[in-house]
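The sequence and structure come next.

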Amino acid sequence: MASELFDLSGKVAIVTGGNGGIGLGMARGLAEAGADIAIVGRNEAKSNAAVDDIRQCGGKAISVVADVTDKAAVVTMAGLVARELGRIDILVNNAGINIRKPPHVLDIEEWDSVIKTNLTSAFLCSQAVYPAMKAAGGGKIINIGSMMSIFGVSFTPAYAASKGGIVQFTRSCACAWAADNIQANAVLPGWIDTDLTKRARVEIDGLHDRVLARTPAARWGAIGDFVGIAVFLASSASDFVTGTAIPIDGGYSIMG
Ligand code: NDP
(Lines give C-alpha, C1' and ligand atoms only; values in the text may rest on other atoms or scores of the structure.)
Protein backbone atom coordinates (compact mmCIF):
# COMPACT_ATOMS: atom_id res chain seq x y z
CA MET A 1 0.00 0.00 0.00
CA ALA A 2 1.38 3.39 -0.99
CA SER A 3 0.20 5.00 2.26
CA GLU A 4 2.14 2.44 4.36
CA LEU A 5 5.34 3.51 2.58
CA PHE A 6 5.05 6.94 4.19
CA ASP A 7 3.93 5.76 7.64
CA LEU A 8 6.32 6.77 10.42
CA SER A 9 4.36 5.24 13.32
CA GLY A 10 6.72 3.88 15.98
CA LYS A 11 9.69 5.86 14.61
CA VAL A 12 11.69 8.47 16.55
CA ALA A 13 13.11 11.56 14.86
CA ILE A 14 15.63 14.14 16.11
CA VAL A 15 15.36 17.55 14.44
CA THR A 16 18.17 19.97 15.25
CA GLY A 17 17.06 23.58 15.09
CA GLY A 18 13.52 22.21 15.01
CA ASN A 19 12.16 25.00 17.18
CA GLY A 20 11.52 27.33 14.23
CA GLY A 21 11.72 27.81 10.48
CA ILE A 22 12.43 24.90 8.14
CA GLY A 23 13.18 22.52 11.05
CA LEU A 24 9.78 23.15 12.58
CA GLY A 25 8.11 22.62 9.19
CA MET A 26 9.86 19.26 8.86
CA ALA A 27 9.14 18.26 12.48
CA ARG A 28 5.43 18.94 11.98
CA GLY A 29 5.41 16.74 8.88
CA LEU A 30 7.25 13.88 10.57
CA ALA A 31 4.84 14.07 13.54
CA GLU A 32 1.81 14.07 11.25
CA ALA A 33 3.19 10.91 9.61
CA GLY A 34 3.36 9.26 13.06
CA ALA A 35 6.89 9.82 14.38
CA ASP A 36 7.79 10.89 17.92
CA ILE A 37 9.97 13.99 17.82
CA ALA A 38 12.93 15.37 19.77
CA ILE A 39 13.46 19.08 19.14
CA VAL A 40 17.07 20.15 19.69
CA GLY A 41 18.03 23.81 20.08
CA ARG A 42 19.63 26.27 22.48
CA ASN A 43 16.60 28.46 23.15
CA GLU A 44 14.54 26.51 25.68
CA ALA A 45 11.43 28.73 25.55
CA LYS A 46 11.31 28.52 21.74
CA SER A 47 11.81 24.74 21.86
CA ASN A 48 9.05 24.29 24.45
CA ALA A 49 6.67 26.29 22.24
CA ALA A 50 7.61 24.07 19.26
CA VAL A 51 6.98 20.94 21.33
CA ASP A 52 3.46 22.21 22.19
CA ASP A 53 2.90 22.93 18.49
CA ILE A 54 4.08 19.45 17.41
CA ARG A 55 1.99 17.65 20.03
CA GLN A 56 -1.06 19.07 18.21
CA CYS A 57 0.02 16.98 15.18
CA GLY A 58 -0.25 13.83 17.35
CA GLY A 59 2.47 11.69 18.92
CA LYS A 60 5.05 12.43 21.56
CA ALA A 61 7.46 15.35 21.41
CA ILE A 62 10.27 16.39 23.75
CA SER A 63 12.67 19.31 23.85
CA VAL A 64 16.40 18.81 24.41
CA VAL A 65 18.49 21.90 25.06
CA ALA A 66 21.87 21.41 23.41
CA ASP A 67 24.44 23.33 21.43
CA VAL A 68 25.08 21.10 18.42
CA THR A 69 28.64 22.40 18.06
CA ASP A 70 29.56 20.85 21.41
CA LYS A 71 30.51 17.17 21.13
CA ALA A 72 29.78 16.31 24.78
CA ALA A 73 26.36 18.01 24.59
CA VAL A 74 25.53 16.13 21.38
CA VAL A 75 26.47 12.75 22.87
CA THR A 76 24.37 13.52 25.96
CA MET A 77 21.46 14.62 23.73
CA ALA A 78 21.51 11.37 21.71
CA GLY A 79 21.61 9.29 24.91
CA LEU A 80 18.72 11.23 26.39
CA VAL A 81 16.55 10.83 23.27
CA ALA A 82 17.23 7.08 23.13
CA ARG A 83 16.30 6.75 26.82
CA GLU A 84 13.20 8.99 26.74
CA LEU A 85 11.77 7.95 23.36
CA GLY A 86 13.21 4.41 23.20
CA ARG A 87 15.12 4.48 19.88
CA ILE A 88 16.47 6.76 17.13
CA ASP A 89 15.42 6.21 13.50
CA ILE A 90 15.61 9.63 11.85
CA LEU A 91 18.05 12.54 12.20
CA VAL A 92 17.46 15.91 10.55
CA ASN A 93 20.65 18.01 10.67
CA ASN A 94 19.00 21.37 10.19
CA ALA A 95 20.57 23.79 12.72
CA GLY A 96 22.30 26.59 10.87
CA ILE A 97 23.47 30.19 10.94
CA ASN A 98 24.89 32.66 8.44
CA ILE A 99 27.28 35.59 8.72
CA ARG A 100 27.19 37.74 5.60
CA LYS A 101 30.59 39.31 4.87
CA PRO A 102 32.98 38.99 1.90
CA PRO A 103 36.05 36.76 2.40
CA HIS A 104 38.50 39.65 2.92
CA VAL A 105 36.46 40.94 5.87
CA LEU A 106 35.27 37.75 7.59
CA ASP A 107 37.37 36.96 10.65
CA ILE A 108 38.47 33.51 11.75
CA GLU A 109 36.08 33.34 14.73
CA GLU A 110 33.16 34.06 12.37
CA TRP A 111 34.39 31.46 9.87
CA ASP A 112 34.77 28.85 12.64
CA SER A 113 31.37 29.55 14.11
CA VAL A 114 29.56 29.09 10.77
CA ILE A 115 31.50 25.95 9.83
CA LYS A 116 30.97 24.42 13.28
CA THR A 117 27.25 25.19 13.39
CA ASN A 118 26.39 24.18 9.81
CA LEU A 119 28.84 21.37 9.06
CA THR A 120 30.69 20.03 12.11
CA SER A 121 27.37 19.70 13.96
CA ALA A 122 26.07 17.33 11.25
CA PHE A 123 29.17 15.16 11.69
CA LEU A 124 28.82 15.16 15.50
CA CYS A 125 25.08 14.38 15.48
CA SER A 126 25.35 11.70 12.78
CA GLN A 127 28.21 9.99 14.60
CA ALA A 128 26.28 10.17 17.90
CA VAL A 129 23.12 8.53 16.51
CA TYR A 130 24.84 5.91 14.33
CA PRO A 131 24.99 3.17 17.02
CA ALA A 132 21.26 3.55 17.79
CA MET A 133 20.33 3.48 14.09
CA LYS A 134 22.49 0.44 13.51
CA ALA A 135 20.89 -1.29 16.51
CA ALA A 136 17.42 -0.44 15.12
CA GLY A 137 18.29 -2.12 11.82
CA GLY A 138 18.50 1.07 9.77
CA GLY A 139 17.93 4.80 9.75
CA LYS A 140 17.47 8.01 7.79
CA ILE A 141 19.70 11.07 7.88
CA ILE A 142 18.49 14.29 6.27
CA ASN A 143 21.04 17.10 6.02
CA ILE A 144 20.04 20.64 5.14
CA GLY A 145 22.15 22.29 2.45
CA SER A 146 21.30 25.42 0.50
CA MET A 147 21.42 26.99 -2.95
CA MET A 148 24.96 27.85 -1.73
CA SER A 149 25.70 24.12 -1.98
CA ILE A 150 25.55 24.77 -5.73
CA PHE A 151 26.26 28.47 -6.32
CA GLY A 152 28.75 30.96 -4.97
CA VAL A 153 27.99 34.51 -3.93
CA SER A 154 30.41 37.21 -2.84
CA PHE A 155 29.17 37.67 0.71
CA THR A 156 28.83 34.17 2.25
CA PRO A 157 32.21 32.38 2.02
CA ALA A 158 31.92 30.30 5.21
CA TYR A 159 28.23 29.54 4.69
CA ALA A 160 28.85 28.38 1.10
CA ALA A 161 31.82 26.26 2.21
CA SER A 162 29.72 24.66 4.94
CA LYS A 163 26.80 23.99 2.60
CA GLY A 164 29.03 22.60 -0.16
CA GLY A 165 30.67 20.45 2.49
CA ILE A 166 27.35 19.13 3.76
CA VAL A 167 26.61 17.59 0.34
CA GLN A 168 29.95 15.76 0.30
CA PHE A 169 29.50 14.71 3.93
CA THR A 170 26.07 13.34 3.00
CA ARG A 171 27.56 11.28 0.16
CA SER A 172 30.27 9.95 2.49
CA CYS A 173 27.72 8.79 5.10
CA ALA A 174 25.54 7.31 2.33
CA CYS A 175 28.49 5.17 1.17
CA ALA A 176 29.78 4.30 4.64
CA TRP A 177 26.46 3.29 6.16
CA ALA A 178 24.55 1.73 3.24
CA ALA A 179 25.45 -1.72 4.58
CA ASP A 180 23.71 -0.76 7.85
CA ASN A 181 20.54 0.18 5.90
CA ILE A 182 21.04 3.87 6.73
CA GLN A 183 20.15 6.29 3.93
CA ALA A 184 21.62 9.80 4.00
CA ASN A 185 20.32 12.56 1.76
CA ALA A 186 20.59 16.34 1.56
CA VAL A 187 17.82 18.86 0.97
CA LEU A 188 18.77 22.17 -0.67
CA PRO A 189 16.22 24.86 0.18
CA GLY A 190 15.77 27.85 -2.11
CA TRP A 191 14.75 31.15 -0.53
CA ILE A 192 12.37 30.35 2.32
CA ASP A 193 10.58 32.83 4.56
CA THR A 194 12.12 32.23 8.05
CA ASP A 195 13.91 34.23 10.78
CA LEU A 196 17.20 33.60 8.95
CA THR A 197 16.02 35.23 5.73
CA LYS A 198 14.03 38.01 7.43
CA ARG A 199 17.46 39.38 8.41
CA ALA A 200 18.82 38.77 4.90
CA ARG A 201 16.00 40.82 3.41
CA VAL A 202 17.04 43.74 5.62
CA GLU A 203 20.79 43.28 4.98
CA ILE A 204 20.66 42.71 1.20
CA ASP A 205 19.15 45.51 -0.87
CA GLY A 206 16.50 44.36 -3.37
CA LEU A 207 16.71 40.70 -2.29
CA HIS A 208 12.97 40.18 -1.96
CA ASP A 209 12.21 41.21 -5.55
CA ARG A 210 15.28 39.48 -7.02
CA VAL A 211 14.18 36.17 -5.48
CA LEU A 212 10.67 36.57 -6.91
CA ALA A 213 12.05 37.42 -10.36
CA ARG A 214 14.40 34.40 -10.46
CA THR A 215 12.06 31.77 -8.98
CA PRO A 216 9.83 30.12 -11.64
CA ALA A 217 7.21 29.43 -8.95
CA ALA A 218 7.21 33.24 -8.42
CA ARG A 219 7.06 33.10 -4.64
CA TRP A 220 9.24 32.65 -1.57
CA GLY A 221 9.09 29.18 -0.03
CA ALA A 222 7.15 28.51 3.15
CA ILE A 223 8.09 26.08 5.92
CA GLY A 224 5.11 23.92 4.92
CA ASP A 225 6.93 23.23 1.62
CA PHE A 226 9.28 20.92 3.58
CA VAL A 227 6.64 18.50 4.90
CA GLY A 228 6.58 16.29 1.80
CA ILE A 229 10.33 15.96 1.34
CA ALA A 230 10.86 15.30 5.07
CA VAL A 231 8.30 12.48 5.13
CA PHE A 232 9.62 11.00 1.88
CA LEU A 233 13.27 10.98 2.97
CA ALA A 234 12.42 9.74 6.49
CA SER A 235 10.18 6.89 5.35
CA SER A 236 10.60 3.56 3.58
CA ALA A 237 9.35 5.29 0.42
CA SER A 238 12.98 6.40 -0.03
CA ASP A 239 14.76 3.16 0.88
CA PHE A 240 16.61 3.06 -2.49
CA VAL A 241 17.39 6.80 -2.44
CA THR A 242 20.71 7.72 -0.86
CA GLY A 243 23.47 10.30 -1.27
CA THR A 244 21.26 12.70 -3.20
CA ALA A 245 20.95 16.49 -2.87
CA ILE A 246 17.39 17.54 -3.67
CA PRO A 247 16.55 21.22 -4.29
CA ILE A 248 13.29 22.42 -2.73
CA ASP A 249 13.36 25.79 -4.40
CA GLY A 250 10.39 26.44 -6.69
CA GLY A 251 12.83 26.04 -9.61
CA TYR A 252 15.34 28.70 -8.48
CA SER A 253 18.33 26.44 -9.28
CA ILE A 254 17.21 25.56 -12.82
CA MET A 255 16.31 29.07 -13.98
CA GLY A 256 18.47 29.99 -16.98
P1 NDP B 1 16.12 29.67 11.58
O2 NDP B 1 17.06 30.76 12.03
O3 NDP B 1 14.66 29.88 11.65
O4 NDP B 1 16.48 28.31 12.34
C5 NDP B 1 17.79 27.96 12.65
C6 NDP B 1 17.72 27.00 13.82
O7 NDP B 1 19.03 26.54 14.15
C8 NDP B 1 17.15 27.64 15.06
O9 NDP B 1 16.08 26.84 15.47
C10 NDP B 1 18.28 27.61 16.09
O11 NDP B 1 17.77 27.29 17.36
C12 NDP B 1 19.14 26.46 15.56
N13 NDP B 1 20.54 26.59 15.90
C14 NDP B 1 21.44 27.51 15.47
N15 NDP B 1 22.63 27.32 16.04
C16 NDP B 1 22.49 26.25 16.87
C17 NDP B 1 23.37 25.56 17.75
N18 NDP B 1 24.66 25.93 17.91
N19 NDP B 1 22.90 24.50 18.45
C20 NDP B 1 21.61 24.12 18.33
N21 NDP B 1 20.73 24.72 17.49
C22 NDP B 1 21.17 25.78 16.78
O23 NDP B 1 16.60 29.36 10.10
P24 NDP B 1 15.99 28.51 8.89
O25 NDP B 1 14.83 27.71 9.31
O26 NDP B 1 15.89 29.44 7.76
O27 NDP B 1 17.25 27.56 8.60
C28 NDP B 1 17.26 26.18 8.86
C29 NDP B 1 18.31 25.54 7.97
O30 NDP B 1 17.96 25.75 6.62
C31 NDP B 1 19.71 26.12 8.16
O32 NDP B 1 20.65 25.08 8.05
C33 NDP B 1 19.84 27.06 6.98
O34 NDP B 1 21.17 27.28 6.60
C35 NDP B 1 19.06 26.31 5.93
N36 NDP B 1 18.60 27.12 4.81
C37 NDP B 1 17.66 28.10 4.97
C38 NDP B 1 17.24 28.83 3.88
C39 NDP B 1 16.18 29.87 3.95
O40 NDP B 1 15.90 30.50 2.93
N41 NDP B 1 15.57 30.09 5.10
C42 NDP B 1 17.81 28.61 2.53
C43 NDP B 1 18.79 27.56 2.50
C44 NDP B 1 19.17 26.86 3.59
P45 NDP B 1 18.33 27.98 18.73
O46 NDP B 1 18.48 29.43 18.45
O47 NDP B 1 17.33 27.62 19.77
O48 NDP B 1 19.65 27.30 18.99
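How many cavities of 30 Å³ or more does the count come to? The count comes to one cavity of 30 Å³ or more. On a 1 Å grid over the protein atoms alone, a cavity is a set of points where a 1.4 Å probe fits but cannot get out, and a pocket is an open set with protein on both sides within 12 Å along at least five of seven lines; lining residues have an atom within 4 Å of a point. Grid points are joined across faces, edges and corners, and a volume is the space filled by probe spheres set on the points.

The model is predicted: local features need pLDDT of at least 70, side-chain atom pairs count only at pLDDT 80 or more, and totals for chains, interfaces and linings use all residues. Residues are numbered from 1 along each chain as its sequence is written, and side-chain values use heavy atoms, with hydrogens and water left out.

**The ligand**

The ligand takes up the space of the largest pocket (a molecule sits in a pocket if more than half of its atoms lie within 2 Å of its grid points). Around the ligand are 29 residues, and the closest of them are Asn19, Arg42, Tyr159, Ile192 and Thr194 (a residue is near if one of its heavy atoms lies within 4 Å). By class, this shell holds eleven nonpolar, 14 polar and four charged residues. Here Ala, Val, Leu, Ile, Met, Phe, Trp, Tyr, Cys and Pro count as nonpolar, Asp, Glu, Lys and Arg as charged, and the others, Gly among them, as polar.

| Protein atom | Ligand atom | Distance |
|---|---|---|
| Asp67, polar side-chain atom | nitrogen | 2.9 Å |
| Gly190, backbone N or O atom | oxygen | 3.3 Å |
| Ile192, backbone N or O atom | oxygen | 2.8 Å |

On its own the ligand has 880 Å² of accessible area, and the protein covers 93% of this (Shrake-Rupley method, 1.4 Å probe). Two or more residues of the shell come from each of α2 (21–32), α6 (157–177) and α7 (195–203). Helices (H or I, at least four residues) and strands (E, at least two) are DSSP runs, numbered from the N terminus. The largest share of the shell, three residues, is from α7.

The largest pocket holds about 1,100 Å³ of space. Its lining has 44 residues, with Asn94, Ala95, Gly96, Ile97 and Leu196 closest to the centre. Helix α7 gives the most to this lining, with four residues. The lining divides into 17 nonpolar, 20 polar and seven charged residues.

The second largest pocket has a volume of about 230 Å³. Of its 17 lining residues, Lys11, Lys140, Ala234, Ser236 and Asp239 lie nearest the centre. Four of the lining residues are nonpolar, seven polar and six charged.

**The cavity**

The largest cavity has a volume of about 50 Å³. Among the residues that line the cavity are Thr16, Val68, Asn93, Cys125 and Lys163. Helices α5 and α6 each supply at least two lining residues, and α5 gives the most, with four. By class, the cavity lining has six nonpolar, five polar and one charged residues.

How values were computed. Polar contact = N/O pair within 3.5 Å; in protein donor to acceptor, adjacent residues only side chain to side chain.
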